[in-house]
Amino acid sequence: MTKKLHIISFSIPYPADYGGVIDVFYKLKSLSQSGVQITLHCFQYDREPAKELEEFCQKVYYYPRQMKGSHLLGFHPFIVSSRKSEDLIQNLLKDDAPILYEGLHTCFSINDERLKDRKKIVRSHNIEHDYYAALAQVERNPMKKLYFKSEAKKLKRFEEVAYKNASLVLGISQNDTVYLNKYGNAKFISAFHSFDEIDIPQQTKPFALYHGNLSVGENNEAAIFLADKVFRGLNHQLIIAGNQPSMKLKNLVAELPNVELKAGLSSNEINDLIHSAQINVLPTFQSTGIKLKLLAALFSGGHCLVNDSMVPDDSFKSILNIANTIEEFKQKIEELMSENLNPSVNDNRKEVLTAYSNSSIAKELLKLLKFN
């Protein structure tokens with residue numbers, strides 16, 4: 001049986017250096033290694049075409065994202081209307097292979113009459129209207145706040161159109177899948193990632209690490225929370241690693257002798273920090289999806305300290321340290337900084353994370369695609 005699949009990506013998924021594109025890139029790699037012939041469609045707006053994608057795809061198409069202000073005023077969410085492309089539809093019509101839409105962002109064509117008989121799968125990366133509403137809450141720029149609020153309303157309305165026209169919706173966490181199943185066609189498929197096996201460090205260095213894309217308001221707020229509320233006054237070092245930190249975060253770090261900001265690091269450099277930190281500390285103020293930074297910390301890091309909002313489902317509670325208040329974070333950091341990793345941590349993580357290996361996730365996805 002020939003296994004052919006169209007994948008529509010919201011951006012060019014290489015380099016695989018932040019959450020959404022990490023999931024797309026390692027999905028391409030895993031499916032290709034399973035014998036799937038992939039035609040990849042990418043929207044281009046902030047990245048250059050990548051020859052590296054051709055290793056896993058039979059064909060790669062690029063479409064310009066339409067970043068016009070007029071798209072802000074229309075019925076559709078901007079992240080959707082700016083990815084409208086007639087060329088994309090014409091390329092999808094060249095065969096009758098299933099179509100995997102990566103995120104609501106790419107779903108403008110999902111109810112196009114010309115595609116009505118196709119198998120259409122939507123990968124949900126977040127409950128997008130919740131995500132944008134949360135971005136609005138932490139945004140200080142009035143115009144950006146207005147945009148995030150407007151986008152949240154449009155996304156809530158549009159998700160019904162997209163998911164009802166999908167043959168299948170793939171939730172990225174168990175909790176998201178419960179929500180998505182109100183449309184009656186959701187299955188849980190976790191995020192693909194860069195880790196082939198669990199590699200817990202034998203020795204660590206005496207610092208805590210927070211990492212994330214700091215251009216995202218929620219990540220920037222989490223970093224500010226840790227620096228200002230948790231590590232201020234502690235006798236332990238915090239390293240914050242991530243690109244495009246806000247000026248507020250930069251100024252805050254400058255006044256704290258035990259907090260260091262590292263921007264412009266490569267994926268390998270961040271992975272080295274994850275592996276060498278005594279504690280990966282990862283609070284979040286938003287509970288949608290699964291955070292790839294959490295999987296990175298669990299597959300390759302030492303102690304992992306989070307709040308309840310970071311826990312994707314109850315199965316993770318046995319392999320995480322959890323704190324919710326400022327005082328709880330301070331107390332846990334004091335404890336974990338002087339606590340060696342128990343050898344049983346490795347076995348416990350293997351038990352929980354087996355279902356989150358790329359090979360396991362790929363097998364489940366192939367079943368849903370009816371490719372095996």
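This is a predicted model: local features need pLDDT of at least 70, side-chain atom pairs count only at pLDDT 80 or more; totals for chains, interfaces and linings use all residues.
Burial next. I find that 56% of the 372 residues of the protein count as buried, with under 20% relative accessible area as the cut-off.

Overall dimensions. I read the span of the C-alpha trace along its principal axes as about 65 × 45 × 40 Å.

Secondary structure. I count 13 helices and 13 strands in the protein. The radius of gyration is 21 Å, close to the 21 Å that the globule rule gives for 372 residues, so I note the protein as being as compact as a globular protein of that length.

Contacts. I kept to pairs with a separation of 6 or more; residues 24 or more positions apart account for 65% of these contacts in the protein.

I traced an open sheet of 7 strands, with parallel pairing and the order 3-2-1-4-5-6-7. At its edges I find strand 3 (59-64) and strand 7 (186-188), each of which pairs on one side only. From one strand to the next, the twist averages 20 degrees.

One pair in detail. I then asked over how many bridges strand 4 and strand 5 pair. Strand 4 covers residues 99-102 and strand 5 covers residues 120-123; I find 4 bridges, in the parallel sense. Which residue in strand 5 is the bridge partner of Tyr101? I looked it up and found Val122.

Definitions and conventions: Residues are numbered from 1 along each chain as its sequence is written. Side-chain values use heavy atoms; hydrogens and water are left out. Two strands pair if DSSP finds at least two bridges between them. Helices (H or I, at least four residues) and strands (E, at least two) are DSSP runs, numbered from the N terminus. Axes are lines fitted to C-alpha atoms, for helices over the stretch in contact, and angles run from 0 to 180 degrees between N-to-C directions. The radius of gyration is taken over C-alpha atoms; the globule rule is 2.2 Å times the number of residues to the power 0.38. Buried means under 20% relative accessible area, exposed over 50%, partly exposed in between (1.4 Å probe, protein chains only). Contact means heavy atoms within 4.5 Å.
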